[in-house]
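Q: I'm new to this one and would like to learn how to read it. Can we walk through some features together?

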Amino acid sequence: MSHMSEEDRVIRVVDVLLTLTQQKNWETRHGGLLGLKYILAVKQDLVNSLLPRSLPLILSSLSDPVDDVANIAAATLIPVAPHLVTSPSLSHRVPALLDQLWTLLAEQDQLTSACNNFMSLLAAILCHPDSRASTVLSEPVMEVLPRLWPYLSHSTSSVRLATLQTMATLTRSHRTLDCSVPSLLATLRHVYQRSLVEHVREIQDMIEEVWESILTRIELNSLLMAVCPHIAQWLCLAMQPANVPFDNSQLISVEPKSSGDTPQEALAGLKFYLGGVETVPLVTREANSHRARVLASRLLGLVSTYVIQPMTGLNPGPGEDQQIPCPVQCYVNLLLVYVNSKSALQRAGHQ
């Protein structure tokens, strides 16, 4: 091989690794993909020739029945995601890859190791400045978002951040978002709940971006029907004492895929505090509680600009009271209950 160029030698090695990825033994497939991962990450100058050669087998490995193999397949593509998006010869494969990732995320339990890299790969593709993938989804955005809900509470912060980045990219790519009121409410509840218990500052900043992105693109009547019945509960959650765990019956969860537990049963074994879940160190949780309360208040402030608006097309019928209550006054009356409270915590949160 001494007479061969460096590129030819690397290609020979890649061909051997691709052969390994097709073997029956899963450890062999895993090892082959691991080698590809490092070669593609290190030999960035050769990616344009190496990636077209290896991409088909890497994509098929994403659906490998062994979680560790699928995990490393996704990890292999993350460093080269920009090339997938921008390469004229490969960008046409991105929509199919995204469909595959959405399907895998819907089928996989969020606790599996592969889901971490599936979500990171999805975010890497969608969030690339040159990516147009978010505008050509095969399904409406708000029907896709429920697949991301479980990952908002993932134990790994990078997964939570990637999830929110994906949500932000998907919602920003559309001028308006159409969805049912129950779906909108569930999405808002998941995002708002994350603001209460998140302890990583970068993720907290992204939560506010996602919240604003959704609110500004939803039709007013749908937003009011989703939010108004629950705004009082959200206010109460923001006033939660930092040393008292939330009542889990007031929180929203996603039904686990790997057990027969109901969503509330899945929550029952974990305590959620303002500023972090019980697994977050107490010092970190207490230091973050004020920041979490401020973030929740900012989200409520954003949604308040819509709550005080009258619902369009709302006209009293024959024989009904012709005087429709003023939304601003109704909301003020709700807030005054807390502002006039003897509790300093309630007053501080709403002044």
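This is a predicted model: local features need pLDDT of at least 70, side-chain atom pairs count only at pLDDT 80 or more; totals for chains, interfaces and linings use all residues.

Q: Is His-154 buried or exposed?

A: The general idea is to look at relative accessible area, where under 20% means buried. His-154 comes out at 9%, so His-154 counts as buried.

Q: Which residues is His-154 in contact with, leaving aside its neighbours within four places in sequence?

A: Those are Gln-110, Val-159 and Arg-160.

Q: How many aromatic pairs does the count come to?

A: Here you check how far apart the ring centres lie, with 6.5 Å as the cut-off. By this rule there are 3 aromatic pairs. Take Tyr-192 and Trp-234: they are stacked, 5.4 Å centre to centre with 25° between the planes. Tyr-192 belongs to helix 10 (residues 181-197) and Trp-234 to helix 13 (residues 231-238), so this pair links distant parts of the chain, 42 residues apart. Tyr-192 and Trp-234 are both buried.

Q: What kind of pair do Trp-211 and Trp-234 form?

A: That one is edge-to-face, with 5.8 Å centre to centre and 65° between the planes. Trp-211 lies in helix 11 (residues 201-215) and Trp-234 in helix 13, so the pair ties together parts 23 residues apart in sequence. Put together, ring pairs link Tyr-192, Trp-211 and Trp-234 into a cluster.

Q: Where does the charged end of Arg-285 sit?

A: You'll find it over the ring of Tyr-273, 4.1 Å from the ring's centre.

Note on methods
Residues are numbered from 1 along each chain as its sequence is written. Side-chain values use heavy atoms; hydrogens and water are left out. Buried means under 20% relative accessible area, exposed over 50%, partly exposed in between (1.4 Å probe, protein chains only). Contact means heavy atoms within 4.5 Å. Rings of Phe, Tyr and Trp (its six-membered ring) pair if their centres lie within 6.5 Å; planes under 30 degrees apart count as stacked, over 60 as edge-to-face and the rest as tilted. Helices (H or I, at least four residues) and strands (E, at least two) are DSSP runs, numbered from the N terminus. A charge sits over a ring if NZ of Lys or CZ of Arg is within 6 Å of the ring centre and within 35 degrees of the ring normal.
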